[in-house]
2 protein chains.
Amino acid sequence: MADRSTIYQVAERSGVSTATVSRVMADGRGFSSATRQRVLAAASDLGWIPSGPARGLAMRRARIVGLLFPDLGQPSREDEESPLFVDQVIRGAERAATAVGDAVLIAATRCASGRELAFAVAGKTDGLVVMARSLAEDDIAALSQRVPVVVLASHGARGGQDFISADSRGGCRAITTHLIQVHGHTDLAFLAGPPDSPDSGERFAGFCDALRQAGLRVPDSAAAVGDFTAAGGRRAVAALLAEGGRPRAVVCGNDEMALGALAALRAARLRVPADVAVTGFDDIAVARHVRPALTTVRQPMRELGEKSVQLLLARIADPEAPRQSVELPTQLVVRRSCGCRGRSPRAGRAGTP
Amino acid sequence: MADRSTIYQVAERSGVSTATVSRVMADGRGFSSATRQRVLAAASDLGWIPSGPARGLAMRRARIVGLLFPDLGQPSREDEESPLFVDQVIRGAERAATAVGDAVLIAATRCASGRELAFAVAGKTDGLVVMARSLAEDDIAALSQRVPVVVLASHGARGGQDFISADSRGGCRAITTHLIQVHGHTDLAFLAGPPDSPDSGERFAGFCDALRQAGLRVPDSAAAVGDFTAAGGRRAVAALLAEGGRPRAVVCGNDEMALGALAALRAARLRVPADVAVTGFDDIAVARHVRPALTTVRQPMRELGEKSVQLLLARIADPEAPRQSVELPTQLVVRRSCGCRGRSPRAGRAGTP
DNA sequence: TTACGTAAGGTAACCGCTTACTCAAGGATC
DNA sequence: GATCCTTGAGTAAGCGGTTACCTTACGTAA
């Protein structure tokens, strides 16, 4: 593999100037077709691949967007579900970028190194999509002074950056409303995640919204608290039952915990959904395969990825445009754990009403 | 966001030449610490982020590696398992690249556009990892004339490029041997994927290896043929049973089909594993959650990603080095569908013996 | 015939870094 | 005191494209 050939060699071989070569490659119009042919032929003879860096330097635009995401702990012992979120976002981002001829550079921040990595990546790209928890708040702020940045989180808006999120609260409101209106439940319990999780907070808020709308009593706090793991969910529900709690429906802060809830209820010889309905949140792969299949809420992960890149590209195109904040609707996925029995269940939008 | 600042501004502000700035950023040694301090201060005051393209142009090295993968059909209606393979590879690649200060550029080839995309990406990177089926053979060949290329496939070696794969055949041999030696089966059926799938072919070959080693009769062809989907697997096994086939063990070409096999056997009122043992291949997420949990073979996807980037970096460092071909071992994952009953099952290496 | 519009294509100045050469100023060596 | 190394730092030539600004040739209208 000899050194890659350059535009100069192509120009020489086809007997034109580099400007002409560049123009032919760029638009291909406005040239005698003889010239164009010669240039194209020379380029292909030489196997010329234009240098991205050179092009990027000259155009002040690398045509690369960066995606920064958190490397959530050790990849996987037995659990590979959670990363799915990130993976789908990556796919979406790739799709949106490729659609306009850009490419996506990915980087996972691990523990301390985040800031450095972020700046290194920033230099190679025209802008960054930064997923929540991949970078400290103030690093994000510093970064966004220098390059276009879109923040992608699962809830709430923030500082001065473009921002995109999914409507967690609306999703949880929708699933709770489903339990109330379709199945007539009035005695519902919320199984929360870690107390410091904003996601869990959002979802609990949605749960409360639904109760309020239905005129039911709104609790001050979640009936049970887990930690977003199946084991934690199981313990929390077991404890709830042990204390004499007997809700007719358990709205779980995520699917993992719902799995745990299922196990705890089974252990207590309670049938789902006959005795107690259970719902989850996230729609991880397993949700479809447990028995009973889990009614849950899906976040539009791929769409989040796509949309975030689109926001970013807009920002790059016009750095002065007003800041944007987008919230994508979540989707209610009705299966059987809520009491429905459809075979291939209907899925409905669950956005803000 | 004003225009990004440059090395010239940093040099001016700190009263040194650009060469000094460049050197301070590069190694940081060999300067009076006063100078270093001034440069660093100026850089941080200005919020300078060195331009990747400029650096790449000057060094003839973008410090970006590309990863080309196939966008397997429509992303997902109800099935999100299969992409997992790619996602894990991406993660692995990212990890290996970041470890040495490179970044990963990803691009999914869709239908026709593959060649163009590949060349565009090639221009922006120092080399490419190309996953099987993301690009036509001759495009790969053309590409590898121009830039360093590592081919990542799930089986067999090929042309002139560096090559990396997982030992499918060995994996299937191991799982079949497990059924024979541990569970004493002598009547085994193989459920193949699409006839034109090399993966399926490899796995069938491994199946036959095991029979041969055990002195059992080796069939000319698979007992049943599916299409790598659950539905197809179900149909194929149902048909096999209808024809009077009564194997004591069904070795499936992948997990999806194993899921189908499970369904078909259940429909026929046969118990798994008591009446018939079933095994899969891939270890998709669901495999752990079906009842009985699926005994299967895991491909080292993350490791494939890591190793492929390492091969690529080696190739970039030394374009003249002899071509390399690496085969990573697969891993037998023993659960219950084979007849084992371990609670947290042992997983053993399943490489070439 | 002349002046002018237009299409085709060339010239060369960047873009923001890196790095091979230089150079100057001290010690160390003899 | 002359010579040689070291160390610290500057000069400027690329790297391979893009593109603003020209030139040239050819029609065409006046």
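Okay, let's start with helix α4 of chain B: the cover over its buried residues includes α4 and α6 of chain A. Helices here are DSSP runs of H or I with at least four residues, strands are runs of E with at least two, and both are numbered from the N terminus.

Before I go on, this is a predicted model, where local features need pLDDT of at least 70, side-chain atom pairs count only at pLDDT 80 or more, and totals for chains, interfaces and linings use all residues. Residues are numbered from 1 along each chain as its sequence is written, while chains are lettered from A and ligands numbered from 1 in the order in which they are written.

So, which residues of α4(B) are buried? They're B:Gly52, B:Pro53 and B:Gly56. Buried means 20 or more other C-beta atoms within 10 Å of a residue's own, with C-beta atoms placed from the backbone. Looking down the axis of α4(B), the buried residues fall within an arc of 95 degrees, so they line one face of the helix. That arc is taken from the directions from the helix axis to the C-beta atoms. After α4(B) comes B:Arg60, with a positive phi near 60 degrees.

Now the interface. Here, 43 residues of chain A are in contact with 43 residues of chain B, contact being C-beta atoms, placed from the backbone, within 7 Å. On chain A's side, the elements giving two or more residues are α4, α5 (83–99), β2 (103–109), α6 (114–124) and α7 (137–146). The β2 strands of chains A and B pair in the antiparallel sense over 3 bridges; to pair, strands need at least two DSSP bridges between them. In that pairing, A:Leu105 stands opposite B:Leu105.

How are the chains related? A rotation of 180 degrees, with 0.1 Å of shift along its axis, superposes chain A on chain B with an RMSD of 0.2 Å. That's the relation of a two-fold axis.

Conventions. Contact = placed C-beta atoms within 7 Å. Least-squares fit on C-alpha atoms with pLDDT ≥ 70 in both. Buried ≥ 20, exposed ≤ 12 C-beta atoms within 10 Å, placed from the backbone.
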